[in-house]
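Please look over the sequence and the structure shown below. The briefing that follows is grouped by topic.

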Amino acid sequence: MAENNPTSPIAPLAPYPPLPPTESRSRAPEFYGFVAWTSTYLLFSLYLLWALLPDEYIVWLGVSWYPNREWAVLVPAYSVAVVLLTYFTYFALAFAGTPAFSDISTITDSKAHLPPVDAPNPYLAHAQPGVIPEMYDIPIGLVNRVVYGGARPQRRAVEARGDSTSS
């Protein structure tokens, strides 16, 4: 029974789906990782030898042709430039794809669940006793009226009347 459950009281964060037993898993990733690690160190060591050894030693080792030494500096410099250009390109694409602050897509999207236009105001349905209104997204205009516009019309009405005692 415990084998079918993804979690148990002993290990509530057990992996789901459960991992296969150790003896049936392949050990290939371990070998690939070891080969990648050793080949990286070997290539870096060869790069350092090529970049730092004098020509006499390289010829003595039996190497008859190798690239010019200026590439020992140019390849890392170009690599850094490509990485920085890649970051710059992704930032530029993100900025280019970002809508303006005045665009409605910064506030809502096509997945918003808004009430139909011809229906009575569903946001007042909670005022009726015993009624659970249907769930809708609240439009930003209504949020702004409630948050920022509630007290101002009353003040304007009071100021228009000339009644200064109600403040």
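The predictor's confidence in each residue is called pLDDT and runs from 0 to 100. The chain averages a pLDDT of 80, and 77% of the residues score at least 70. This is a predicted model, in which local features need pLDDT of at least 70, side-chain atom pairs count only at pLDDT 80 or more, and totals for chains, interfaces and linings use all residues. Residues are numbered from 1 along each chain as its sequence is written, and side-chain values use heavy atoms, with hydrogens and water left out.

**Helices**
- The chain has five helices and zero strands, where helices (H or I, at least four residues) and strands (E, at least two) are DSSP runs numbered from the N terminus.
- Confidence is highest in helix H3 (residues 71–97), at a mean of 96, and lowest in helix H5 (residues 152–161), at 56.

**Annotated regions**
- An unreviewed UniProt entry annotates residues 31–53 and 73–96 as "transmembrane region"; UniProt positions are given in the numbering used here, feature names are shortened, and annotations may be inferred rather than shown by experiment.
- Residues 31–53 are 96% helix, with end C-alpha atoms 32 Å apart.
- Residues 73–96 are 100% helix, with end C-alpha atoms 34 Å apart.

**Aromatic pairs**
- The whole structure holds four aromatic pairs, meaning rings of Phe, Tyr and Trp (its six-membered ring) with centres within 6.5 Å; planes under 30 degrees apart count as stacked, over 60 as edge-to-face and the rest as tilted.
- One of them is the tilted pair of Phe 34 and Trp 37, at 6.3 Å centre to centre and 35° between the planes.
- Because Phe 34 and Trp 37 are three residues apart in helix H1 (residues 28–52), about one helical turn separates them.
- Ring pairs join Phe 34, Trp 37 and Tyr 41 in a cluster.
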